[in-house]
Amino acid sequence: MTRYLLRRILQAVFVLWAAFTVSFVILYLLPGDAISAKLGGGEAGLSVTPEQLAAAKAEYGLDDPLPVQYGKRLIAALQGDFGRSIATGDDATDMVVSALPPTLAVTGLALVLAILFGGGVAIAGTLTRHRWLGNALLALPPLGISLPPFWVGLLLIQFFSFQLRLVPALGSNGFESLILPAITLAIPTGAIIGQVLAKSLRTQLAEPYTEIALAKGASRSRVHFGHILRNAAVPTLTIAGVVAGNLIAGSVITETVFSRDGLGRVTSSAVTAQDIPVVQAVIVLAALVFVVINLLVDLVYPLLDPRIRHRETADA
């Protein structure tokens, strides 16, 4: 178990390093210059002298050769320091961390709703004896995956906010403001979870041990919840870890649609302003969330299926 855990931790560290490195290279290859945009973004016709531009680049450490910049930023990032925002001058790490709680509130609620929706549809669709009902339920996940999140968000605003006036359309005040953004994020996420779980349940239903349990007189519901659900949960847990990490990325669009404060708005503003320190802090933070969630998933695997632990031990 120690080797298993150590291997997963090393993989997590590699993913974080790769996220930092790839984002650094891509951001510096993009056309445009954040410093020039900042200095020339005031009045029309405002000119910037080469001396002013050079001084500003030196202030943010952008006058060093690219390998030197990479080394300095990597060492600073290991200490949680991503530098200062080029657009505002504020600490990039503080900006991202302060914007994180509203985003976590939305994504946390969305994940709960996604698990309830996806798991409920998959279990009900494979448990029912009515084929038409099962087919109708299992047709919902592919439909949910195909719907664009921004379009779903606009429909929810139009129906529940403007017509029924049940919840606020925009803003970040109170629990009610979380409902529509969370549902918008939960629909595609829950659809993916439901699709994978339904396929796993159907696969397990065709296994000999299921037929033996049914032949011995066990009810269909007992077989579902007492036998096959645990085995079907392993691949579902894998995809749940992936989509849970992707919820942070999905929040960028959702928070923009619902005009919410959070990581999405910070990211959108930073990308528009080519604010490299802030964008890189967001990318590394998203990678960290993804890595932590998937590390927890990896630790749960051996509890659901002891064969995984034995396999890792044999490989070691």
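Ser 259 sits in the loop between α11 (220-257) and α12, where helices (H or I, at least four residues) and strands (E, at least two) are DSSP runs numbered from the N terminus. Its phi is near 50°, a positive value in a residue other than glycine. Most residues other than glycine have a negative phi. With a relative accessible area of 31%, Ser 259 is partly exposed; buried means under 20%, exposed over 50%, and partly exposed in between, using a 1.4 Å probe and protein chains only.

Before going on, some ground rules. This is a predicted model, with local features needing pLDDT of at least 70 and side-chain atom pairs counting only at pLDDT 80 or more, while totals for chains, interfaces and linings use all residues. Residues are numbered from 1 along each chain as its sequence is written, and side-chain values use heavy atoms, with hydrogens and water left out.

**Another positive phi**

Arg 165 has a phi near 55°, again a positive value in a residue other than glycine. Arg 165 belongs to the loop between α8 (149-163) and α9 (176-205). Its relative accessibility is 67%, so Arg 165 counts as exposed.

**The overall fold**

What secondary structure does the protein have? There are 14 helices and zero strands. Of the 316 residues in the protein, 36% are buried. Take the contacts (heavy atoms within 4.5 Å) between residues at least 6 apart in sequence: 73% of them join residues at least 24 apart.

UniProt, in an unreviewed entry, lists residues 12-30, 104-124, 136-158, 178-198, 232-258 and 278-301 under "transmembrane region". Positions there are in the numbering used here, feature names are shortened, and annotations may be inferred rather than shown by experiment. In the model, the span 104-124 is 100% helix and 0% strand, and its end C-alpha atoms lie 29 Å apart. For 232-258 the figures are 96% helix and 0% strand, with 36 Å between the end C-alpha atoms.

**Some C-alpha pairs**

| Pair | Apart in sequence | C-alpha to C-alpha |
|---|---|---|
| Ala 136 and Gly 125 | eleven residues | 7.8 Å |
| Ala 105 and Ala 182 | 77 residues | 8.8 Å |
| Arg 220 and Leu 127 | 93 residues | 7.0 Å |

Ala 136 lies in helix α6 (residues 131-138) and is partly exposed, at 42% relative accessible area. Ala 105 is part of helix α5 and is partly exposed too, with a value of 34%. Arg 220 is found in helix α11 and, at 25% relative accessibility, counts as partly exposed. Leaving aside residues up to four places away in sequence, Arg 220 touches Thr 126, Leu 127, Thr 128, Arg 129, Leu 205 and Leu 214.

**The salt bridge**

How many salt bridges does the rule give? The count comes to one, with a salt bridge taken as a side-chain nitrogen of Lys or Arg within 4 Å of a carboxyl oxygen of Asp or Glu. Asp 261 and Arg 265 form a salt bridge, and their closest N and O atoms are 3.0 Å apart. Side chains of opposite charge can pair when their charged atoms come close. Asp 261 is partly exposed at 41% relative accessible area, and Arg 265 is partly exposed at 37%.

**The nonpolar core**

A nonpolar core is a set of buried Ala, Val, Leu, Ile, Met, Phe, Trp, Tyr and Cys residues joined through side-chain atoms within 4.5 Å. The largest one has 19 residues, and those with the most contacts inside it are Phe 20, Phe 82, Val 96, Leu 263, Val 278, Val 282 and Leu 285. At least two residues each come from α1 (2-29), α5 (92-127), α12 (263-272) and α13 (276-304). Which helix supplies the largest share of this core? That is α13, with seven residues.

Leu 263 is worth a click: beyond residues up to four places away in sequence, Leu 263 touches Val 96, Ala 99, Leu 100, Thr 103, Ile 248, Glu 255, Val 282 and Leu 285.

**The largest pocket**

On a 1 Å grid over the protein atoms alone, a pocket is an open set of points where a 1.4 Å probe fits, with protein on both sides within 12 Å along at least five of seven lines; lining residues have an atom within 4 Å of a point. The largest pocket holds about 320 Å³ of space, where grid points are joined across faces, edges and corners and the volume is the space filled by probe spheres set on the points. Its lining has 14 residues, with Ala 77, Phe 82, Val 284, Leu 285 and Leu 288 nearest the centre. Two or more lining residues come from each of α1, α4 (66-78), α5 and α13. The most come from α13, which gives four.
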